[in-house]
Amino acid sequence: MSTNRRSFIKKVGVAAAGIGLAPHLVFGQETKGQKLKLGFIGVGLRGMNHVSNALFRKDVEITAICDTDPDMLKLCLAMFDEQGVKHPKLYTSGPYDYRNLLDDKEVEAIIISTPWLLHTPMAVDAMKAGKYCGVEVSAATTLPECWDLVNTHEETGTHLMILENVNYRRDVLAVMNMLREGLFGEMLHYRGGYQHDLREVKFNDGKHFYGHGVEFGEKAISEAQWRTQHSLKRDADLYPTHGLGPLAAYADINRGNRFESLTSHSTKSRGLHKYIVDKAGEDHPNAKLKWKLGDIVTTTISTAMGETMIITHDTNVVRPYSLGFRVQGVNGLTEFDYYDSRVHIDGISEPHRWDEAKTWFDKYDHPLWKKYGEEAEGSGHGGMDFFVLNAFVESAKQDIAPPLDAYDAAAWSAVTPLSELSIANNGEPQDFPDFTRGKWIARKPYNWIKDDF
């Protein structure tokens, strides 16, 4: 791995933000001698991670960047200097200068890593400009926005990929391999969620990216400038796709199956208030605020094929990180996460006993990880950032539909507004729109078991 890159990350203090060490091998094959001309809208901590990984691909040329924060731009451009790469063209003239980037003929594809409320309008503009579009999660925050993504994709023929990296986690893909091999039998039930103590993400002191204070909004920096406001104003599953994305892929959602309805409930809200009081006292102005987001939001989804999914959002109180996956069929199941994973397969496992998951996951290690695990090392989030960018780049180079498309972006993101409606109406069931307009019945499942992307 790059020692210089390690030193740079330590110096700017962003290692905890998920900007991992870049892969130590240059990767990617040029198509007919051409590099994908890639632009970035938003180079905060998440955007910089994508830039860092793209710099190590020989099939990508970063031609343009748009951001309005001079400090983050400075940190981002330092990565180009570290690698001896020419600086891209910069668009910094205001909140709408990204549209000038989209008019740039030296940009073929775009990655959007901005605050949530900007994802849909920027993605819509990118598709209208004919740019192959990658958008960070969640892709939309309202049902009209979900339809905007689908309608624009269909009207323009331009592709959109939701950049859900957890779909490429090593254990997630091993379980996909097991499922496709039929080990679990006919599928019945799934669980997952985003269970991550984000209190030091939602608050800081205006100087450090994470923690060291209880400020948010204009008095804070990084995600606390914008993300925390959602917890103040909305009671919903605000961030569903890390848990839901892999489950939707397992269940072939939008490709022979679809979400039909959901119900959601939330607990009372106590965690953020307690955090503020513990850190700054009851007299701090933020201790007077009434937070709308329940500390734990639980959503149950039904599918057209008769399966259920339970999705949990838990970000306001102390807890170790966990996505809490469970995949269960008539012949067996697995419950898995980084720290505690287990498998039981009828007729193979000892009756009423769990097998340690490692033996199973090693046996069914996914072809992508077998082939590119070394290159993925250090790319961020345990290597899965390498694979999600690789899928985006390879799809964009060929101008083909990505593995996680506009219909997925809409269906997964719709959980936020639908859960909000259900919670506001005492758990009333909410019907999912059919964003494919019936095409889900004939669409073929994506071929996940391959070693290219």
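This is a predicted model: local features need pLDDT of at least 70, side-chain atom pairs count only at pLDDT 80 or more; totals for chains, interfaces and linings use all residues.
The chain contains 16 helices and 15 strands. Its radius of gyration is 21 Å, close to the 22 Å that the globule rule gives for 453 residues, so the chain is as compact as a globular protein of that length. The C-alpha trace spans about 65 × 60 × 45 Å along the principal axes. Of the 453 residues, 60% count as buried. Among contacts with a separation of 6 or more, 74% are made by residues 24 or more positions apart.

Two packed helices are described by the angle between their axes and the distance between the axes. For helix α13 (residues 367–376) and helix α14 (residues 384–398), the axes come within 9 Å and cross at roughly 110°. Because angles of 65 to 115 degrees count as roughly perpendicular, α13 is described as roughly perpendicular to α14. The crossing of these two helices is right-handed. On the α13 side, the contact involves Leu368, Trp369, Tyr372, Glu375 and Ala376, which meet Met384, Phe386 and Phe387 of α14. By class, seven of the residues in this contact are nonpolar, none is polar and one is charged. An α-helix has 3.6 residues a turn, so residues three or four places apart point the same way. Leu368 and Tyr372 both belong to the set in α13 that meets α14.

Helix α14 also holds Ser395. This serine has a relative accessible area of 0% and is therefore buried, since the cut-off for a buried residue is under 20%. Leaving aside residues up to four places away in sequence, Ser395 touches Tyr132, Ile400, Ala401, Pro402, Pro403 and Phe453.

Helix α2 (residues 45–54) is mostly covered, with nine of its ten residues buried. The buried residues of α2 are Leu45, Gly47, Met48, Asn49, His50, Val51, Ser52, Asn53 and Ala54.

His208 is placed in the loop between α8 (199–202) and α9 (227–233). Ser222 is 14 residues from His208 in sequence, and the C-alpha atoms of the two residues are 8.6 Å apart in space.

Some backbone angles were also examined. Most residues other than glycine have a negative phi, and most peptide bonds are trans. The bond that joins Val137 and Ser138 is a cis peptide bond, with omega about -15°. Ser138 is found in the loop between β5 (132–135) and α6 (143–156).

A positive phi occurs at Asn254, where the value is about 75° although the residue is not a glycine. Asn254 lies in the loop between α10 (241–250) and β8 (259–266). Its relative accessible area is 5%, so Asn254 is buried. Arg437, also a residue other than glycine, has a positive phi near 55°. The position of Arg437 is in the segment after β15 (430–431). With a relative accessibility of 44%, Arg437 counts as partly exposed.

Technical notes. Residues are numbered from 1 along each chain as its sequence is written. Side-chain values use heavy atoms; hydrogens and water are left out. Buried means under 20% relative accessible area, exposed over 50%, partly exposed in between (1.4 Å probe, protein chains only). Helices (H or I, at least four residues) and strands (E, at least two) are DSSP runs, numbered from the N terminus. Axes are lines fitted to C-alpha atoms, for helices over the stretch in contact, and angles run from 0 to 180 degrees between N-to-C directions. Angles under 35 degrees count as roughly parallel, over 145 as roughly antiparallel, 65 to 115 as roughly perpendicular and the rest as oblique. A crossing is left-handed if the near helix is turned anticlockwise from the far one by less than a right angle, and right-handed if clockwise. Contact means heavy atoms within 4.5 Å. Ala, Val, Leu, Ile, Met, Phe, Trp, Tyr, Cys and Pro count as nonpolar, Asp, Glu, Lys and Arg as charged, and the others, Gly among them, as polar. The radius of gyration is taken over C-alpha atoms; the globule rule is 2.2 Å times the number of residues to the power 0.38.
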